Amino acid sequence: MKKLPSACCLVVLLLLNAKPLLAQLTITSGAQFTVSGNAQLTLANTDLVNNGNLVTGSGTISFTGSSPSGIGGNQSTRFYNLQVNKSPGISVSLLKPVIVDQQIIFTSGFLDLNGFDANLGTTGSLGNEQESSHIIGANGGNVIFNTALNAPSSANPGNLGIMLTSTQNFGNTIIKRGQQSQTNSSNSGNSILRYYDITPANNTSLNATVRVQYFDSELNGLDENLLNIYTRDDGVHWISQGFDTRNTSTNYVEKTGINSFSRLTLSSVNNALPLHFLSFATSCNGNKTIISWKTAQEINTSHFEIESSTDGIRWNNIGSIPSTGNGNTTGENNYSFTDNNPQQNGYYRVASYDLDGRVLYTELLRNSCNNDEMLRVWPNPVSDVLYISMPSALNSGAAIKLFDGKGALVQQRAAKLVQGNNLLSIAVKGMASGLYYITIQYAGGQLQTKKIMKE
């Protein structure tokens, strides 16, 4: 193997021209470039293209200069310290996923994820993020940190800007921070330019306090005086958790009593981020069927119409209920309707009508009275949203986990079930095609597994 000389102290690549030009430090295939000890390699107006083997020891690779730089190549690049020290407003962009064992150091300029991940493993962290120098990522990508969180007290894992406190043990916890604005499944609404995916081994009854930090440049047009914490447990519906404390000077929103984690972000109460329907269920009362649903933050909602069908194609309106709070509410609202003459093996759906005539439907639920309803998962194969029809003999909980074909956990959520038949959903859009397994474990211990194909 060809081995290039080691860097023993400080290596500086400079282009002394009237206008800054962009150079490349290319490690060719089969070659090794070694930064010995704790040396610093400074790349001024220079791309790093790793097609070979970069060995950084305990040193620092610093990107400087007034022109953008990229980190790419066909080999994975592993840093000990990665320093961003560009001119104000200039970015270092990822062109390939990277691993950082110690720290991403922000001095000036931005690190643009550009659709790729920066993995901090179990030992890395973000250092000295500030308003003028921090992570950005309009094209996607995540900063990832993995750690054990047991009874955390104001823990800020990986210095990712989210503080967690709880008396409970989370166990091994994966935290991902992304920088894209979040929308609902109708592609409306928006959030700040920051979100978190939190996946703890134990994800029930956490009673956690969460503090989410942000920069002014991430507000995305939202009024920070109105920011609330929003969570999305099922991959589709956003729920406002509200806030307990807000500080617009030090830029954070805090909320206590968070019992489980999924994706969370910050948005304002007047924003159309959440969808109407949080849950939809049917239950039996003798020969009658009770249809119940829950909404959150209704905006200009007129009324709900309950529809039934014998075949899931032709629908009949069997009732109507007006919206609570004159069509505009900020909290959760519970509704129910009783069908006194249910059709055996029939179907139900609920339509929400806005004041301007727009309509939003729930998915379909089968009438579970007079027959034994079983767990159903559809469509299969699935491309965007996976629906789960779950029967429950009583009000209880369930843990839903989605694994890839290799057995790695890719999604999980805690579900609150009501007595009867419950409809849940999981967003799978953007996931790789292939074989997946979904497991549903009821609070009583019953475990069921279904095989899913993702298109």
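The legends below describe close-up views of a predicted model.

**View 1. Strand 12 and its pairing partners.**
Strand 12 covers residues 98-108, and strand 10 covers residues 77-86. The two strands are parallel and are joined by eight bridges.

**View 2. Leu-193 in a loop.**
Leu-193 is found in the loop that connects strand 19 (169-178) with strand 20 (195-200). Is Leu-193 buried, partly exposed or exposed? Its relative accessible area is 27%, and buried would require under 20% whereas exposed would require over 50%, so Leu-193 counts as partly exposed. Apart from neighbours within four places in sequence, the residues in contact with Leu-193 are Gly-178, Gln-179, Gln-180, Ser-181, Ser-217, Glu-218 and Asn-220. For one of these, Gly-178, the C-alpha atom lies 8.0 Å from that of Leu-193, and the two residues are 15 residues apart along the chain.

**View 3. An aromatic pair between strands 29 and 31.**
The model has five aromatic pairs. One of them is formed by Phe-304 and Tyr-335, with 4.6 Å from centre to centre and 55° between the planes, which makes it a tilted pair. Phe-304 belongs to strand 29 (residues 301-309) and Tyr-335 to strand 31 (residues 332-339), so this pair links distant parts of the chain, 31 residues apart. Phe-304 has a relative accessible area of 0% and is buried. Tyr-335 is buried as well, because its relative accessibility is 6% and the cut-off for buried is under 20%. Together with Trp-293, Phe-304 and Tyr-335 make up one aromatic cluster.

**View 4. Arginine charges over aromatic rings.**
Two places show the charged end of an arginine over a ring. Which ring lies under the charged end of Arg-246? It is the ring of Phe-243, and the distance to the ring centre is 3.6 Å. At the other place, the charged end of Arg-376 sits over the ring of Trp-378, 4.7 Å from the centre of that ring.

Technical notes:
Residues are numbered from 1 along each chain as its sequence is written. This is a predicted model: local features need pLDDT of at least 70, side-chain atom pairs count only at pLDDT 80 or more; totals for chains, interfaces and linings use all residues. Side-chain values use heavy atoms; hydrogens and water are left out. Two strands pair if DSSP finds at least two bridges between them. Helices (H or I, at least four residues) and strands (E, at least two) are DSSP runs, numbered from the N terminus. Buried means under 20% relative accessible area, exposed over 50%, partly exposed in between (1.4 Å probe, protein chains only). Contact means heavy atoms within 4.5 Å. Rings of Phe, Tyr and Trp (its six-membered ring) pair if their centres lie within 6.5 Å; planes under 30 degrees apart count as stacked, over 60 as edge-to-face and the rest as tilted. A charge sits over a ring if NZ of Lys or CZ of Arg is within 6 Å of the ring centre and within 35 degrees of the ring normal.
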